[in-house]
Amino acid sequence: MKKIIFVESRYVTYLYDEIAKKLIQNGYEVFWIILNHQFKPKNGKIVLLDYPGLKKTKAHKNNYIETVIKTDRQLRFFDKKSKNHFYHYDLKIRKAIEEIQPSLVFGEPTAFHHLISIEICKELDILYLHPGTCRYPINRFAFYKYDTLEPYKGSGDHMSKEKAIKTINQISGRETVPDYMIPPRISYKEKVVNKAKVLIGYIEGERNNTPSPFVKLIKERKNKHVLEEWNSIGKHALDTSKFITVFPIHMQPESSIDVWGRKYSDQNKVIENISKQLKDGEVLYVKPNPKSSFEINKELINIINNNDKIEALHSTVKMNDIFDKVDLFINVVGTIAIECILSNKPVISLVKTYFNNTKNSYNIGSYDEIRFIIETVISKKNYKFSNEEKIEFINTLNAFSYEGIIADTYLNKNCINPDNVNRLYKAFLDVL
């Protein structure tokens, strides 16, 4: 009998639970590592990690704990000071994994207990897979290995030429958006229930992934004022008399920038370094994320105010408003890369992945290469994809992924409908 572990991921746990129920019926032994006691599943065997409280766990040396600490969103964004819990949970999670000896572990690469689980699995040579959106084509997901964007296996699904062309035209024509970008519909009652659930977990002792409600409130109010200040300097349109470069800023905290783009997670420095490659008559516009959070800060506003090569875009400016007017996009590891590739729009990606590694996009090893790429774009020498190459590219994304939506059941209730669960179950069986 194969043993599987799911690592608790708040509301995603409830979606995993529906899959676990089917796996158990098919003869798999399912275990759970639960950090937040408010998010317990109904199916399988639960390993409930006890909260550390005030007791101190002796720090122990290993090859990964400092990296996990540097990535932690509580320390970086919510003023948490103590690091004791990392060592407490490292011991508890290791004990659980070593005792269960699973064939495979499923979880996210987001919170510190996920990252600790990933590192332990690497050491023990146990495969850890993160099921998550593949961005495009929509309504599909992929399994990624450990804390990377390297896909594991895939459905091998192949689109017909007609369907591929239609999908490409929808993406390049900006007629569709990835699943995770669709605004959720949440009732007032659901919001109240969610806040109560999170608060109860905090009171019970889960204070290492859940920020203090008081600190969170202060931060949110401060963010609101910072965004107002941002918008006071934000431009509503692009100056088309200049060479236009756009950096769509990643929302933080978020695994796409804090884990996959860890080297570039200080976006203020990234923006400064890009601006150093610009000459007179060239400008870098910084576009806020539609769900702006901690990535918009006073330091960034000061950088923009003191640099005539950088401009802020107002938060109401949509990508559709500016896309055709942009000469070059620069991003860390964003979905914009796929949209640019299929639209023959020059794009630089700072982190190389399976979805941005093409002839008509640029992956760079240093900021100095930006200057050369700008000159290439100005001279109109940038490589363009043929229709055949675009079809091959979209089919590569399709083959690496599976049909179905992996989502938070609080933000997307449709993901837990029987049809979607069945699609997900078949995909999980395929990798198992």
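Six strands make up an open sheet with parallel pairing, in the order S9-S8-S7-S10-S11-S12. Strands here are DSSP runs of E with at least two residues, helices are runs of H or I with at least four residues, and both are numbered from the N terminus. Two strands pair if DSSP finds at least two bridges between them. The model is predicted: local features need pLDDT of at least 70, side-chain atom pairs count only at pLDDT 80 or more, and totals for chains, interfaces and linings use all residues. Residues are numbered from 1 along each chain as its sequence is written, and side-chain values use heavy atoms, with hydrogens and water left out.

- Strand S8 (residues 282-287) runs parallel to S9 and is joined to S9 by three bridges; Leu284 is opposite Ile310 of S9.
- Strand S7 (residues 243-248) and S10 are parallel and share two bridges, with Leu328 in S10 as the bridge partner of Thr245.
- S10 also pairs with strand S11 (residues 347-349), in the parallel sense and over three bridges; Val347 in S11 is the bridge partner of Phe329.
- Between S10 and S11 the chain passes through helix H13 (residues 336-343), in a right-handed β-α-β crossover. Right-handed means that, with the strands pointing away from the viewer, the path from the first strand over the helix to the second runs clockwise.
- Strand S10 (residues 328-331) is covered on both faces: Leu328 and Ile330 on one side, and Phe329 and Asn331 on the other, are all buried. Buried is under 20% relative accessible area, exposed is over 50%, and partly exposed is in between (1.4 Å probe, protein chains only).
- Helix H14 (residues 369-378) lies across S7, S8, S10, S11 and S12, at about 155 degrees to S10. Axes are lines fitted to C-alpha atoms, for helices over the stretch in contact, and angles run from 0 to 180 degrees between N-to-C directions.

**The seven-strand sheet**

- A sheet of seven strands, also open, has mixed pairing and the order S3-S2-S1-S4-S5-S6-S13. Its edge strands are strand S3 (45-48) and strand S13 (402-403), each pairing on one side only.
- Strand S1 (residues 3-7) and strand S4 (residues 104-106) run parallel and are joined by three bridges, with Ile5 opposite Val105 in S4.
- Helix H5 (residues 112-123) packs on this sheet and touches S1, S4 and strand S5 (127-133), with its direction at about 140 degrees to that of S5.
- Helix H16 (residues 418-431) also packs on the sheet, touching S1, S4, S5, strand S6 (140-145) and S13; its direction makes about 30 degrees with that of S6.

**A helix pair**

- Helix H10 (residues 267-275) and helix H11 (residues 298-305) have axes that come within 10 Å and cross at roughly 10 degrees. H10 is therefore roughly parallel to H11, a term for angles under 35 degrees.
- Asn268, Ile271 and Glu272 of H10 meet Glu299, Leu300 and Ile303 of H11 in this contact, where contact means heavy atoms within 4.5 Å.
- The contact residues of H10 and H11 divide into three nonpolar, one polar and two charged. Nonpolar covers Ala, Val, Leu, Ile, Met, Phe, Trp, Tyr, Cys and Pro; charged covers Asp, Glu, Lys and Arg; the others, Gly among them, are polar.

**His85**

- His85 is found in helix H4 (residues 84-100) and is buried, with a relative accessible area of 2%.
- Apart from neighbours within four places in sequence, His85 is in contact with Pro52, Lys80, Phe112 and Asn208.
- His85 and His113 are 28 residues apart in sequence, and 9.9 Å apart in space from C-alpha to C-alpha.

**Backbone exceptions**

- Most residues other than glycine have a negative phi, and most peptide bonds are trans.
- Tyr136 and Pro137 are joined by a cis peptide bond with omega about -5 degrees; Pro137 is in the loop between S5 and S6.
- Gln252 and Pro253 are also joined by a cis peptide bond, with omega about 0 degrees; Pro253 is in the loop between S7 and helix H9 (255-258).
- Asp125, not a glycine, has a positive phi of about 60 degrees. Asp125 is in the loop between H5 and S5 and counts as exposed at 69% relative accessibility.
- Lys153, not a glycine, has a positive phi of about 55 degrees. Lys153 is in the loop between S6 and helix H6 (161-172) and counts as partly exposed at 46% relative accessibility.

Conventions
Parallel < 35°, antiparallel > 145°, perpendicular 65-115°, else oblique.
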